[in-house]
Amino acid sequence: MPASPSSSAQAARQTVADSLRDLRKEAGLTVVELAAACGWHYSKTSRIENALTGPSATDIRRWCTATRAEGRAQDLVIQSVNAESMYREWRDQVRSGLRRIQERRAGSFRETQCFRVYSSSLVPGLLQTEGYARAVLGMAATIHDLPVDDSADAAHARTERSRVVHEQGRRLVVVVEESVLHCQVAAPDAMAAQLGYLLTAGALPAVSLGVIPAATRRSHWPEETFHVYDDKLVSVELVSAEVNVTQPAEIGQYLQSFERLRAMAVYGADARALIVKAIDALR
C-alpha cells in the first residue's frame with residue numbers, strides 16, 4: 001500500500017526542516033542566535049524546524065549564510081520547492097476559478113502518452129461527458145463556496161482537454177469500482193448519457209476500461225482516486241488537497257497498487273454488462 005499522500009508531502013517538508021536544524025546545530029548556534037543572524041523572531045526558526053512553516057528561498061539562503069553552509073543553499077531551495085508543490089490546498093487552487101484549474105492541467109495532459117487512472121468515487125475526468133462534468137464541478141463550486149460559479153465553463157474546458165486521449169499514440173488505462181457506476185452525482189438523464197458514453201469509450205482501441213465488481217473477493221482494498229501520468233507523476237485527490245508525487249520510489253508503489261487493482265477488474269463484455277446494469281437501475 002502506498003504511504004498516505006498527505007504523509008508523503010509532510011515527510012518531504014520534514015526532510016528540509018531536519019536538514020536546516022542539522023546545519024544550525026553543526027554551526028553551534030541556538031534557535032535564538034540563528035534567528036538573530038537571519039533577522040527574524042526566534043519563533044519563526046522553531047516553526048521552520050518543526051515543519052510547521054515552509055521556508056522561502058530567501059529564508060533558506062539566509063539560514064545557510066548564518067551557518068556558513070552557502071554551498072547547501074541551492075539544493076535545499078530545490079528540495080523545499082518540490083516539497084511545497086507536492087501538497088497544494090484545494091482552496092488555493094480554486095481561488096482563480098474551476099475553469100482555470102482545467103486549463104492549467106492541459107500542459108501535463110499534452111505531455112503524457114500513457115494515462116493510468118484508478119477511481120473509487122467518480123467517473124474519471126478523462127471519460128466524463130459535459131453534462132456529468134457540469135454536475136460534478138457544480139458540486140465543487142458549492143462545497144468550496146466559490147464567489148463565482150464557473151462550473152459550466154469548467155466542464156466545457158474539461159471535455160475539450162479530454163480530447164487528447166483520441167490523439168494518435170495516446171493510451172488510457174482506467175479502473176473504476178462498480179460503485180462509481182451507481183453514484184448518482186447528476187440527474188438521471190445526465191447519468192444515463194455518461195454511462196452510455198462509457199460503453200462507447202470502452203470500445204476504443206486506445207482505451208482499456210476495467211470495472212471492479214462489488215462482489216469480487218478482493219486482493220487489494222479500495223484506494224483514494226489517483227492518476228498516473230506516464231511514469232513521471234502521480235496526482236492523488238484528497239478532501240482538502242491535491243497531492244503530487246514525483247519521487248520514483250513512490251510512483252513505483254502506486255504503479256504496483258494500480259496493477260493489483262487492475263487485476264481484480266473485469267473487461268470487455270463483462271464490464272459492459274455492469275455498465276448496462278447501472279443504466280437499467282436508473283429506470
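**Exercise 1.** Find the salt bridge that E177 forms with R218 and work out where its two ends lie.

*Solution.* Start with the distance: the closest N and O atoms of E177 and R218 are 2.8 Å apart. A salt bridge here is a side-chain nitrogen of Lys or Arg within 4 Å of a carboxyl oxygen of Asp or Glu. Strands are DSSP runs of E with at least two residues, helices runs of H or I with at least four, numbered from the N terminus. Finally, check accessibility: E177 is buried at 6%, while R218 is partly exposed at 30%. Buried means under 20% relative accessible area, exposed over 50%, and partly exposed in between (1.4 Å probe, protein chains only).

A word on the model: it is predicted, so local features need pLDDT of at least 70 and side-chain atom pairs 80 or more, while totals for chains, interfaces and linings use all residues. Residues are numbered from 1 along each chain as its sequence is written, and side-chain values use heavy atoms, leaving out hydrogens and water.

**Exercise 2.** Which parts does the salt bridge between E178 and K277 tie together?

*Solution.* First, the N to O distance in this pair is 3.8 Å. E178 belongs to helix α11 (residues 178–182) and K277 to helix α14 (residues 268–280), so the bridge joins parts 99 residues apart in sequence. Then compare the ends: E178 is buried at 7%, and K277 is partly exposed at 48%.

**Exercise 3.** How many salt bridges does the structure hold?

*Solution.* The count is 12. Among the residues involved, D18, R21, R24 and E49 are linked in a network.
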